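Please open the model in your viewer and keep the sequence panel beside it. The tour below goes from one selection to the next and says what is found at each stop.

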Amino acid sequence: MAAPAVESFAVAALRSVMVRVRQAAERSGARAENVRVVAVSKTKPVSLIRDVYDAGHRRFGENYAQEFVEKAPQLPEDIEWHFVGHLQSNKAKMLLSAVPNLAMVEGVDNEKIANHLDRAVSSLGRNPLKVLVQVNTSGEVSKSGVEPANCLELVKYVKSRCPNLEFSGLMTIGMPDYTSTPANFKALSNCRTEVCKAIGIKEEHCELSMGMSGDFEQARQLRR
């Protein structure tokens with residue numbers, strides 16, 4: 001009797017977040033349907049993910065590679081999977097092989113992982129894999145990500161040296177103290193402005209992935 005209650009709570013929590021997303025989008029003058037919500041399901045059982053899937057959600061994220069490759073094959077193939085956070089380079093091919101519906105890696109934080117992903121995509125004959133470059137906007141040593149000053153260099157590397165990767169934007173994770181995250185999110189927005197100017201693309205063609213359930217309203221204020 002306990003499991004259904006937990007799963008129902010997960011669905012209710014998602015619906016609450018979606019309402020907040022719509023409200024935050026409206027306040028910032030954006031279209032709610034243009035905001036993509038990734039339900040991060042790390043450490044959660046397959047049954048709970050399936051419950052949220054049955055409620056209509058299709059976009060999920062994991063950040064433990066071994067757990068990911070065990071869970072994904074047990075779930076529907078139309079899920080749009082995202083890998084979120086630092087991926088060890090020696091696990092790139094394993095992940096891509098086990099999760100053919102992996103839609104995006106958030107995020108690439110160095111040239112080595114970019115190279116491994118690029119080779120894995122090529123060897124598996126997959127379509128180009130969308131990637132976001134992860135930027136450490138908070139300066140925390142515990143977080144992965146390239147420093148803001150080196151963001152453009154890594155973006156240029158991905159675009160020029162990794163033909164099997166599709167650069168799609170930037171991502172960051174704010175500090176646990178949510179009062180500090182606006183500065184982190186502003187730093188990522190500034191990185192996007194620099195990147196788009198340098199490589200000649202419009203900012204709306206460069207995604208920003210930032211904000212979790214506790215601070216996405218602050219992130220939404222900076223997106224356009």
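How many of the six residues of β5 are buried? Select β5, bearing in mind that you are looking at a predicted model: five of its six residues are buried, so β5 is largely enclosed by the rest of the structure.

**The sheet around β5**

On one side, strand β3 (residues 80–84) is joined to β4 by four bridges and runs parallel to it, and here F83 stands opposite V105 in β4. Four bridges also join β4 to β5, again in parallel, and the partner of V105 in β5 is V131.

While β4 is still highlighted, pick out G107, which lies in this strand, and look at the peptide bond between E106 and G107, which is cis, with omega at about 15°. Most peptide bonds are trans, and most residues other than glycine have a negative phi.

Moving along the sheet, select β6 and β7, which pair in the parallel sense over three bridges, and find L170, which stands opposite L208 in β7.

**The nonpolar cores**

Keep L170 selected, for this residue is among those that touch the most other members of the largest nonpolar core, a group of 54 residues; the others named with it are W81, L102, L117, L129 and L165. The element that gives the most to this core is α6, with six residues. A second, separate core has seven residues, including V17, A24, V35 and V37. In soluble globular proteins, nonpolar side chains tend to be buried together.

If you display the surroundings of L170, leaving aside its neighbours within four places in sequence, you will find contacts with L132, V133, C151, V155, L188, C191, R192, C206, E207, L208 and S209.

**Helix α5**

Next select helix α5 (residues 111–124), whose 14 residues reach 20 Å from the first C-alpha to the last, close to the 20 Å expected at 1.5 Å a residue. Colour I113, A114, L117, D118, A120 and V121, which are buried in this helix. Turn the view until you look down the axis of α5, and these buried residues fall within an arc of 165°, so they line one face of the helix. Among the elements that cover them are α4 (92–98), β4 (102–108), β5 (129–134), α6 (151–161) and β6 (165–171).

Both ends of the helix deserve a look. At the start of α5, a side-chain oxygen of N110 comes to within 3.0 Å of the backbone nitrogen of K112, while just after the helix G125 takes a positive phi of about 70°.

Return to β5 and follow the chain into the loop between β5 and α6, where T137 is placed. Is T137 buried or exposed? Its relative accessibility is 13%, and because the cut-off for buried is under 20%, T137 counts as buried. Not counting residues up to four places away in sequence, T137 touches P148, T172, N184, A187 and L188.

For the last stop, select T43 in the loop between β1 and α2 (46–54). This residue is exposed, with a relative accessible area of 54%, and its phi is near 70°, a positive value in a residue other than glycine.

From there go to K71, which lies in helix α3 (residues 65–71) and, at 7% relative accessibility, counts as buried. A polar atom of the K71 side chain lies 2.9 Å from the backbone oxygen of S41. Apart from neighbours within four places in sequence, K71 is in contact with S41, K42, T43, K44, V46, I49 and E62, a list that brings you back to T43.

Conventions
Residues numbered from 1 in each chain as written. Predicted model: local features only at pLDDT ≥ 70, side-chain atom pairs only at ≥ 80, totals over all residues. Heavy atoms only, no water. Helix = DSSP H or I, 4+ residues; strand = E, 2+ residues; numbered from the N terminus. Expected span 1.5 Å × (residues − 1). Buried < 20%, exposed > 50% of the residue type's maximum accessible area, 1.4 Å probe, protein only. Arc of directions from axis to C-beta. Contact = heavy atoms within 4.5 Å. Polar contact = N/O pair within 3.5 Å; in protein donor to acceptor, adjacent residues only side chain to side chain. Core = buried A, V, L, I, M, F, W, Y, C linked by side-chain atoms within 4.5 Å. Pairing = 2+ DSSP bridges.
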